[in-house]
Each structure stands twice: as C-alpha cells, then as structure tokens.
Amino acid sequence: MSLLGVLNIAGSGMTAQSERLSAVASNIANADTSVTSTGQPYRAREVVFQAVSLGSGDGDDGASAGSEGVKVAGVVESNAPLRSVYDPSSSFADANGYVQMPNVNAVDEMVNMLSAQQDYQADLEAFNVAKTLALRTLSI
Amino acid sequence: MTTAIDTGLGFYQQVMALRGYRQEVLSSDIANASTPGFKAVDLDFAQALKQATGGSPAADGPARVWLVDDPRQMQSAGGSGDAAGVAAAAVKYQVGTEVTLDGNSVDLDQEKTEAAANAVDYEAAATFASQSIKMLTIAINGSASQSSGGS
C-alpha cells in the first residue's frame, strides 16, 4: 500500500541520515586524535548513500514500483592529506619534529551536519504527513 | 461487477490510491535528497488518472486495479499481467531542476511543497468520498435524520 510505503521510505531515509550524523560526530570527536588503534592518525569518515528499492514483492510491507528508499552503501575514509603539526616535544613526533594529525575539516563537518539535519527533518515531515493521511483514510 | 455505487466511489478510490502513490514517489525523492547520482522523479497525476479511469485506449478496457504490490493480485486484476505498470509508467524524471556536482537533481524545498500540496489533494478526495457515502446513506434511509437523531 502506497502510504505504508511512504513510512518505509521515510524510515530508511531517517536511518541513513542518522548514520551520517554519527559519522560527523565521530569525526568531530576525533579531530585531534593523532593515534588510533591501528597506530595511524584518525582519518575523516564519510558515509556513501545509495538508492535502493524497498519492494519485497511478497506482501504489502514494501514500497511500490518506481519509488526507492535509501541505504548506506558503505563508509569511506577521506583521502585528504593529513595535517602536520610541529611539536618536537610530543612522543609521536617524527625525526623532524612533526606530528601527523587527522585530516578532519571542521567546516566540512559542520556543513555535513546541517545538511543531515535538514534531510532528517524532511524525512520526518514526509513520515508524519503519511501518518496523518492514513489516519484520515480510516475515518472515511 | 459494476454497480452505480461502485462507479461513484470507484473514482475516489482510484484518485486516493494514485495520490498515495504520488506521495510515495515524492517521499522517495526526499529520502534520496543526498544520494549521489539520484535523479528526482514525479508521478504525472493527470496521465495516470486518465489511464486508470480508462480515458486512454492504451489499456484494454478500464484498468480497474492498477496499483498492486503482489504479482498474484495482478493476475486477478483482469488478466493483463502488468497492471502495476499502468501507474508506474506515469512516473517521470523531473526536468529543469538544478543538478548538483554529485549528480543529484532533488530540490528539497520543491519536493516538500509538492508533498504538502499532494497531501491536501488526498484529503480532499477523502472528504469527497466521505460525503458521497453520507449522501448514499441519506438516499438509502430516506431522510437525513439518521445522524442528527430525528427531528
């Protein structure tokens, strides 16, 4: 049923956006983490979205043909160069006294966060509208 | 079997199902507002309704059930195997919207406006259907006194 399909699609959008938001939070929290469990500096992470058909074809729980939900296809690490900070007193400094710091760009992260928030709100709005319409249909 | 009651209410049934389908298509655009390469789509409501109510000679007779998720339902919907395709064929790519660098063509503000307008249209159809049923009830009972509890 179409309106229940909206709930599924908007739900998939909200799930994806919150994963994006958690990647942003992880990046901001680790903006100064010079050593991770792998021994390397932290690298900024980004989620990759992919449109996906939700129709399962075996009932009315999926979405109709022609409309797609969204899923997180994977998480990629940024290839941006790491920051080099001159700090000879650090125990992680190399021979020249430089410490490799994460490639997290605070401005990028803020923009990403705002965008994720906006998209999440739009999904929530679509979800609520579908809920209202479904309830309205019950009262015919 | 088509009765007079069926004909009157069947139209609203199709309008509401199509409006619901369009709501789904629009929410799909909204959910994919940040998906790289995603192209915004929309349901051509006028065309879909015309096809659904048999205004187009493309379908063999009025396509009565044209929006089903289950292939088994499609079989019982008058023989033609791709009943769902009737409405899905009216889903078209939106043109004229700005395409971002990652290939996404969803305009979030426009989608939200369209979805809100579509929801109002859905409610309108629901109200009309509701009123039609009330009118039929009045006709059957012979007076409007049923709901008001008598005069």
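In the loop that runs between β3 (83-86) and β4 (98-101) of chain A lies A:Ala93, a residue of what is a predicted model. A:Ala93 is partly exposed, since 16 other C-beta atoms are found within 10 Å, whereas a residue would need 20 or more to count as buried. Once neighbours within four places in sequence are left aside, the contacts of A:Ala93 are with A:Asp87, A:Pro88, A:Tyr98 and A:Val99.

The C-alpha trace of chain A spans about 75 × 25 × 20 Å along its principal axes. Of the 140 residues in chain A, 34% count as buried, and among the contacts between residues at least 6 apart in sequence, 66% join residues at least 24 apart.

An α-helix has 3.6 residues a turn, so residues three or four places apart point the same way.

Chain B, by comparison, has six helices and two strands, arranged along the sequence as α-β-α-α-α-β-α-α. Of its 151 residues, 32% count as buried, and residues 24 or more positions apart account for 62% of the contacts in chain B with a separation of 6 or more. B:Ser105 is placed in the loop between β2 (91-93) and α5 of chain B, and with 18 C-beta neighbours inside 10 Å it counts as partly exposed. Residues up to four places away in sequence not being counted, B:Ser105 touches B:Lys39, B:Ala40, B:Gln94, B:Thr97 and B:Val99. From B:Phe11, by contrast, B:Ser105 is separated by 94 residues in sequence and by 33 Å in space, C-alpha to C-alpha.

The contact between the two chains takes 36 residues from chain A and 34 residues from chain B. On the side of chain B that touches chain A, the elements giving two or more residues are α1 (4-31), α4 (83-88) and α5 (108-141) of chain B, and the residues of that side divide into 21 nonpolar, eight polar and five charged.

The largest nonpolar core holds 43 residues, of which A:Ala10, A:Ala126, A:Ala130, B:Met16, B:Leu18 and B:Ile30 touch the most other members. At least two residues of this core are supplied by each of α1 (2-29), β1 (45-52) and α2 of chain A, and likewise by each of α1, α2 (45-52) and α5 of chain B; the most comes from α1(B), which gives ten residues.

How values were computed. Residues are numbered from 1 along each chain as its sequence is written. Chains are lettered from A and ligands numbered from 1 in the order in which they are written. This is a predicted model: local features need pLDDT of at least 70, side-chain atom pairs count only at pLDDT 80 or more; totals for chains, interfaces and linings use all residues. A residue is buried if 20 or more other C-beta atoms lie within 10 Å of its own, exposed if 12 or fewer, and partly exposed in between; C-beta atoms are placed from the backbone. Two residues are in contact if their C-beta atoms, placed from the backbone, lie within 7 Å. Helices (H or I, at least four residues) and strands (E, at least two) are DSSP runs, numbered from the N terminus. Ala, Val, Leu, Ile, Met, Phe, Trp, Tyr, Cys and Pro count as nonpolar, Asp, Glu, Lys and Arg as charged, and the others, Gly among them, as polar. A nonpolar core is a set of buried Ala, Val, Leu, Ile, Met, Phe, Trp, Tyr and Cys residues joined through C-beta atoms within 7 Å.
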